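Thanks for coming. I will go through a few backbone details and then some helix packing. Here is the model.

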Amino acid sequence: MASAMVRRSIITHCSKFASSWSLLSRHSSIHNPLSVSSFHSQAVGGGLPSYMRGAVYWEPNKPLIIEEFHMPRPKAGEVLIKTKACGVCHSDLHVMKGEIPFSSPCVVGHEITGEVVEHGPLSDSKIIERLPVGSRVVGAFIMPCGNCSYCSKGHDDLCEAFFAYNRAKGTLYDGETRLFLRNSGKPVFMYSMGGLAEYCVVPANGVSVLPDSLPYTESAILGCAVFTAYGAMAHAAQVRPGDSVAVIGTGGVGSSCLQIARAFGASDIIAVDVQDEKLQKAKAFGATHTINSAKEDPIEKIIEITGGKGVDVAVEALGKPQTFAQCTQSVKDGGKAVMIGLAKAGSLGEVDINRLVRRKIQVIGSYGGRARQDLPKVIRLAETGIFNLGHAVSRRYTFEEAGKAFQDLNEGKIVGRAVIEII
């Protein structure tokens, strides 16, 4: 088998990052943070407070800063959510380390649960009926507009407005942010809904109802980690019963892929990582085989496990050129190499062209699920226990500990997924 060539490696600055992320710091404008009780006493119409707090990324490799904001207000087709929990994801970390360009300052956090507290003026009555005030909800990180050429075909994961406005400009789909600092009125951008805040505005198409039987904290990961895994397994890989699947990188998203692969009836489910602790937990997520790629060649081992053929589906969940190459070389003839890990901007991976052509290898990118169709299904998988949220969430942090959460993520200390509680 020809070896894939890696053209560029990701350079990380972990020591520099860790030294500046020891704690979530507070901005000088709020040296005396308010208690919960005093915060909620500052009310405006409808019983909402007049301001809120959010964790702001100002510049690369600097601590998040808790700032006070004017209360964000939803516009037509949007809902205001009182945030209960927000997941800790590598996508935010990439932004915070300057590895992925994004507008700043911004509020990070993109997988949330919460309670609907307000609808935007002139919102469609069907939205209000589906998501009445008081509804417990989950927010997906891809928030479809519902109107573009892709959304009209059901491809919410390619929503033109989401990429043109939110990912490119840090705004919602009228080209404006909903976040403004209380002390200066300065606009602050939004990574997805800017969920690492006490309240956030979300387009209604990106929100689904959370049953009372599911907890707010653990369910936050449904909006990205599980949502991304479902999109990869259902749409990109199209996993079928009896398929063999390898997952390279068993963090929050990768471990969710293991559970989804098991739910879809995969036979051999192979987990690949460099940490024995993660590999041990991978067995609880559904892995039938584990490979420590720091100790043995993962490509050779995968081929050995599958009787010399390779897997039907390999998933790369790290975003590194080395693992990109491992993914493409681990699949059988006609197999699918699915890439879901984000990398430092400009990172490139190479593949053996002749093998790609002659053996009909499929290399497929997958960013996430399709919110209107998939998020209710993901929630149902958790509600029925087919997807085990309790196993998936390993760490919990308070809102004030958000900086430490991302430091721990950067240092590889989180097995599975961590969640920040904002209740």
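K360 is found in the loop between α12 (353–358) and β17 (362–365); helices here are DSSP runs of H or I of at least four residues, strands are runs of E of at least two, and both are numbered from the N terminus. Before I go on, this is a predicted model, in which local features need pLDDT of at least 70 and side-chain atom pairs count only at pLDDT 80 or more, while totals for chains, interfaces and linings use all residues. Residues are numbered from 1 along each chain as its sequence is written, and side-chain values use heavy atoms, with hydrogens and water left out.

K360 is not a glycine, yet its phi is positive, near 55 degrees. Most residues other than glycine have a negative phi, and most peptide bonds are trans. Is K360 buried or exposed? K360 is exposed, at 62% relative accessibility; exposed means over 50% relative accessible area, buried under 20%, and partly exposed in between, with a 1.4 Å probe and protein chains only.

N61 also has a positive phi, of about 60 degrees, and is not a glycine. N61 sits in the loop between β2 (51–57) and β3 (65–70). N61 is buried, with a relative accessible area of 10%.

Next, a peptide bond. From S104 to P105 the bond is cis, with omega near 0 degrees. P105 belongs to the loop between α3 (90–96) and β5 (106–107).

Now the helices. α7 (residues 225–236) packs against α13 (residues 371–383) at about 110 degrees, with the axes 10 Å apart. Axes are lines fitted to C-alpha atoms, for helices over the stretch in contact, and angles run from 0 to 180 degrees between N-to-C directions. The two helices are therefore roughly perpendicular, a term for 65 to 115 degrees; under 35 is roughly parallel, over 145 roughly antiparallel, and the rest oblique.

Which residues of α7 meet α8? They are A225, V226, T228, A229, Y230 and M233, and they meet G252, V253, S256, C257, I260 and A261.

Definitions and conventions. Contact = heavy atoms within 4.5 Å.
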